[in-house]
Amino acid sequence: MNERKRMTCENDKKCTLHILSLEDSPMDADLIKEYLLENFGSEIQINTVANEEDFISAISKDKFDLILSDFRLPGFDGFQALEHAKSMCSFTPFICVSGVIIGEVAASELLKQGATDYVSKENLGRLKQSIERALKELKETEEKEKRAAELIIVNKELAIKNKELALKNKELAIKNKELALKNKEISYISYHDFLTGLYNRTYFEEAKLRLDTPRQLPISIIMGDINGLKLINDGFGHSKGDGVLIEVAKILKNCCRKEDIISKIGGDEFGILLPKTDSQSAQQICNRIYDTCKGFVLNGSSIYPSISLGHATKNIETEMMDGIFMAAEEAMYRHKLLESRSAHSSILASIKAIMFEKSQETEEHAARMVQLSKSIGLAMSLSEDQLNELELSATLHDIGKMGVDSKILSKLGKLSDEEWVEMRKHPEVGFRIAQATSELIPIADYILCHHERWDGKGYPQGLIGEQIPLLSRIVAIADSFDAMTNDRTYRSAMTKGEAIEEIRRNSGTQFDPDISQLFLNIISEELTIDKLKEAEVEY
């Protein structure tokens, strides 16, 4: 149904009939209005316009139930008025009410072009009948269109439903097949770790109960915990950590027997149930795992899998499996403490290897940094612990460059402002990597502060003077001297004499003045010794 309100509305209630009268003669306009009010009374609302502009404005802004239009109008005629009406409100009945006889040809043409009726002002009494017939026809047309539209919708719905019904059997067959596969998949997911493919904690606990029978005795449990996984995840990304978990899972599978139940029971923890296995055999399996890890390197990286293991065995029926599980876990933690030094070395070796691979730093640079830094540390009478931390800081001070795009690190020309922003992030990245493992926590602040300046113009914190950790101040001088005296991608090396002058010039601004002077004395002394040796050779 058209959106306009008609004379007859829902529940057969009478509604206001809204009529637009296009009439340039005020007298005729009043005559038509009087006629309409006489015949339709309070049920009618009349708007009168006298020219083309007002007519177009009216039908574009308001909705009318009926348009009455004179034929001869200032500057245009009934045909043009009809054309405007049909283009802007095509469903509104249009009755031409003319004071002149337009002739049968014109009247016929009006009706042909879409006018509802033609009424002469001389025969105005016919207008009521014409209006009522026009509105009745419109209502019937709208109802027919509504029924036709509803029928089309119903037919479309039926066609869709028939199509749906035709597909349902096929879909049901597919769904039944999918359901069977999903049930199988759910069953697998319920009992397996999605990353490694090993059994999960749920399956491990159920298997532990199922195997707790006399015929499985002796039954052993091995507990394992990966060393340094948090460091690998936080420092090098979870994809690298996932790679370690996957490879450790492969090692466990290869080192165990088919009947053994290998499970990933935590983020970095594994549990292995060994039916009909005594303590000695369990230890042999642990040894195989250790030996494989020691000789194993992940494909495409230098992170070495390192795992701590512990085992315990149930020999008699009265022993509780939960107690055996706890005993194996305690043995694993004891072993983890005992091998912490070797695990520490393994983790540091992995970090160094990755740093040299990804950050454009070389082992030669690290060795020179250690030598330069330790010569300063020894001259300052640092303690043994400080010297050890200084050596580690000198080696790993640029570990954060692993997080910088390699294109920036290897760029030959000057870095852009955006590239410098990225480059300046590496002390903070290095700090987070160091904080991720207990082995490197003591040097985390030294890594964070090795680009701070004595005058407070450094980064990332803008520390000034002795706010900067002592070891960071030492590393800053050693790093600058080594950088200046060795070739870089963006420039050639300076001579040692030129580098000494640069250190001297920046003493008290970029560098700690006391450490700078001490370092210059050491380097100058080394240069003097080198010259004496050269003179002896020439002599």
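Helices (H or I, at least four residues) and strands (E, at least two) are DSSP runs, numbered from the N terminus. By that rule, the protein chain has 20 helices and eleven strands. This is a predicted model: local features need pLDDT of at least 70, side-chain atom pairs count only at pLDDT 80 or more, and totals for chains, interfaces and linings use all residues. Residues are numbered from 1 along each chain as its sequence is written, and side-chain values use heavy atoms, with hydrogens and water left out.

**Whole chain**

- Of the 539 residues in the protein chain, 43% are buried. Buried means under 20% relative accessible area, exposed means over 50%, and partly exposed lies in between (1.4 Å probe, protein chains only).
- Take the contacts in the protein chain between residues at least 6 apart in sequence: 67% of them join residues at least 24 apart. Contact means heavy atoms within 4.5 Å.

**Loop between α17 and α18**

- P460 lies in the loop between α17 and α18. A cis peptide bond joins Y459 to P460, with omega about 10°.
- I468 is in the loop between α17 (444–448) and α18 (470–484). I468 is buried, at a relative accessible area of 2%.
- I468 and W454 are 14 residues apart in sequence; C-alpha to C-alpha, they are 7.7 Å apart in space.
- Neighbours within four places in sequence aside, I468 contacts C449, E452, R453, W454, L463 and R473.

**Other backbone features**

- Most residues other than glycine have a negative phi, and most peptide bonds are trans.
- P218 sits in the loop between α6 (201–210) and β8 (219–226).
- K276 is a residue other than glycine with a positive phi, near 55°. K276 lies in the loop between β10 (269–274) and α9. K276 is exposed, with a relative accessible area of 53%.
- S381, also other than glycine, has a positive phi near 60°. Its loop runs between α12 (363–379) and α13 (384–396). S381 is exposed, with a relative accessible area of 64%.

**Helix pair α8 and α9**

- Two packed helices are described by the angle between their axes and the distance between the axes.
- Helix α8 (residues 238–255) packs with helix α9 (residues 279–294) at about 135°, and their axes are 9 Å apart. Axes are lines fitted to C-alpha atoms, for helices over the stretch in contact, and angles run from 0 to 180 degrees between N-to-C directions.
- That angle makes α8 oblique to α9. Angles under 35 degrees count as roughly parallel, over 145 as roughly antiparallel, 65 to 115 as roughly perpendicular, and the rest as oblique.
- The contact uses I251, L252 and C255 of α8, and I285, R288, I289, T292 and C293 of α9. These residues divide into six nonpolar, one polar and one charged. Ala, Val, Leu, Ile, Met, Phe, Trp, Tyr, Cys and Pro count as nonpolar, Asp, Glu, Lys and Arg as charged, and the others, Gly among them, as polar.

**Helix α2**

- F55, A58 and I59 are buried in helix α2 (residues 52–61). Seen down the axis of α2, the buried residues fall within an arc of 90°, so they line one face of the helix. The arc is that of the directions from the helix axis to the C-beta atoms.
- The buried residues of α2 pack against β1 (17–22), β2 (44–49), β3 (66–69) and α3 (78–88).
- E53 and K61 are exposed on the other side of α2.
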